[in-house]
Amino acid sequence: MPALSGVKVICVGQFYFAPYCSMLLARLGADVIKIEAPEGDPYRRLPSADHDGSSVQFTMLNSGKRAMKVDLKHPKGQEIVRKLVEQADVLIQNLSPGAMDRFGLGYDALCAINPRLIMASGTGFGSFGPYAGEPAMDLTIQARTAIMSTTGFMEGAPVRTGPSVVDFMAGTHMFSGVLAALYQREHTGRGQHVEVALQDAILPALSSNIAGHINSNGAMPERTGNRHGGLAVVPYNAYRTTDGWVTVLCPTQSHWERLCGVMDDPDAKDDRYSTMSGRTAHSDEVDVLVERWTSAHTKQEVAHLLSRTGIPTAPVLSLAELMDDPHVQARGVLRWMDDESGKWLTLGSPLFLSDSPMVEPDRAHGLGADTDTILRDELGMTEDEVAALHFEGAI
């Protein structure tokens, strides 16, 4: 059976951060109720809409969840969440800092209702420190944490990473925190508050860059292009081919020796390149040497020749090539689904458990589509009570 069967999750999340965490929980079998404000998750309204009017991003992150519309500013909307919390295992939220407390739905208030509740809160900077309480998004965190200043080429402007690495790394950290809290609850019987900050989640990814900065006493350029973040591994770059680019890196001496054997270039035997420290000191010359060889082949030829010898390499794919990649399709993490409305794209799970099948998602539900059913089935409300909540604007 799925690993999290029987686990009930309330997700008061928007954008990518919390919704990705709750999506991973849903793929492992948790029953996830996504609660949205009357106007809906802002990402419902992005212009990248598929044929049913939902944004592609929203569908990818929120398929496989039940959808509930609740006005958390309304006292009766707040009461609905409190009643749902009585029987929930987890509540996930990444609203603006302090919002849940203003609604009377902070951890202390909800823990008093259900001591077994695990509440996971995602913010930009956490609950303490000089920046606590400041608003943040993926781009602003990339700016604040030197991700942008270490991305791109030194002669160019700072650049954000192509994918939204901060939101998704933070969502993954939140997911692991929730699982750890669920495990601990098995021993203590108590829930707890899990806090994940965007800034904290991305800082470990700067390990190579920080090491290079320390070792060079600050003399190393911050932006190293496609080279190693700490300029400690050479070759480590993207190289031209006859039809695009290919990445090649040699993290050990053995990899370099194997690369030299494949290239069969007498210049590679220069004593200056015989050690890693020598290659890092002459990285420009090494890159010219490697590219002289790669530029005579296609990117797939290079990847094939080097992969056979165990050298880390990969062609640089476009998005179109990625979507058609047979390995991506076989793994199913990018997942095309079919229903009565046609084909749609969502995310599978990057977690493969041998004794826990992934739960196949249904299409992301419309705004508030399951509100009435949840109120009746989960909270035992009558049709008249539900109708009254609609009339009062609580749902």
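Is Phe15 buried, partly exposed or exposed at 21% relative accessibility? Select Phe15: at 21% it counts as partly exposed (buried is under 20% relative accessible area, exposed over 50%, partly exposed in between, with a 1.4 Å probe and protein chains only).

This is a predicted model, where local features need pLDDT of at least 70, side-chain atom pairs count only at pLDDT 80 or more, and totals for chains, interfaces and linings use all residues. Residues are numbered from 1 along each chain as its sequence is written, and side-chain values use heavy atoms, leaving out hydrogens and water.

Now the rings. The structure holds five aromatic pairs (centres of Phe, Tyr or six-membered Trp rings within 6.5 Å; planes under 30 degrees apart are stacked, over 60 edge-to-face, the rest tilted). Phe15 sits in the loop between strand E1 (8-12) and helix H1 (17-27). Tyr43 sits in the loop between strand E2 (31-36) and helix H2 (56-62), 28 residues apart from Phe15 (DSSP runs numbered from the N terminus; helices are H or I, at least four residues, and strands E, at least two). Tyr43 is buried, at 17%.

Next, select Tyr16. Its ring centre lies 5.0 Å from that of Tyr43 and the planes meet at 80 degrees, so this pair is edge-to-face. Tyr16 is buried, at 12%.

Finally, go to Tyr131. Arg144 lies over its face, 3.9 Å from the ring centre (CZ of Arg or NZ of Lys within 6 Å of the ring centre and within 35 degrees of the ring normal). Then select Trp336: the charged end of Lys343 sits over its ring, 5.2 Å from the centre.
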